Amino acid sequence: MEASELLERARSRASDPENPLEVLSAAIALCRDLSGEAGGEVDALLDLAVCRAREAGVSWTAIGERFGYIRRSTRRRFTPAFAIAHRHLVNRRMKRDAACSFCRRPPGPRVHMVHGEGGRICDRCVALAGDIVAGLARRGR
């Protein structure tokens, strides 16, 4: 049986078929009933029920309560791997883009940055650039 067919079956069992949390609870109960019969379809049903609940705006905390999980475990279990990998790449790019354009020193509480249109420069690189310009000026006199 397809996951969508199983979801319709769970929806018909739900006390309130319009409430995504009730449908999710019915899907969990259906999965317990089908645990021996359908292997991969059970996981696909749960994934689909959670996806529909999230699309309806249900929080991870509320979904986790139905499973008996904490929010973080539920999110890890049902968030696709590519979404997690994408989030890590975005975070890495944001950190790289926030670093000094010259020495790649990351920003921090004791690192002062000057932000410009084309990039950023940290206080150490500003001091070094000042020394270089001062040295050039001394030679030119």
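Reply: **A closer look**

Leaving aside neighbours within four places in sequence, Ala99 is in contact (heavy atoms within 4.5 Å) with Arg104, Arg105, Pro106, Pro107, Met113 and Arg120. Before going on, note that this is a predicted model, in which local features need pLDDT of at least 70, side-chain atom pairs count only at pLDDT 80 or more, and totals for chains, interfaces and linings use all residues. Residues are numbered from 1 along each chain as its sequence is written, and side-chain values use heavy atoms, with hydrogens and water left out.

Where does Ala99 sit? You will find Ala99 in the loop between α6 (81-98) and β1 (113-115); helices (H or I, at least four residues) and strands (E, at least two) are DSSP runs, numbered from the N terminus. With a relative accessible area of 5%, Ala99 is buried. Buried means under 20% relative accessible area, exposed means over 50%, and partly exposed lies in between (1.4 Å probe, protein chains only). Ile121 is 22 residues from Ala99 along the chain, yet their C-alpha atoms are separated by 8.0 Å.

Now turn to Arg104, one of the contacts of Ala99. Arg104 is also placed in the loop between α6 and β1, and at 47% relative accessibility it counts as partly exposed. Its phi is positive, about 65°, although Arg104 is not a glycine.

Next, the wider picture. A nonpolar core is a set of buried Ala, Val, Leu, Ile, Met, Phe, Trp, Tyr and Cys residues joined through side-chain atoms within 4.5 Å. The largest one here has 27 residues, and Leu24, Leu45, Val50, Ile63 and Phe67 have the most contacts inside it. Each of α1 (3-13), α2 (20-34), α3 (40-55) and α4 (60-67) supplies at least two residues of this core, and α2 gives the most, with 9 residues. Apart from this core lies another, of 6 residues, among them Cys100, Met113, Cys122 and Cys125. Met113 is also one of the contacts of Ala99.

In general, nonpolar side chains tend to be buried together in soluble globular proteins.

Look at α1 as well: its residues Ala3, Leu6, Leu7 and Ala10 are buried. Seen down the axis of α1, the buried residues fall within an arc of 105°, so they line one face of the helix; the arc is that of the directions from the helix axis to the C-beta atoms. Leu45 touches Ala3, Leu6 and Leu7, among others.
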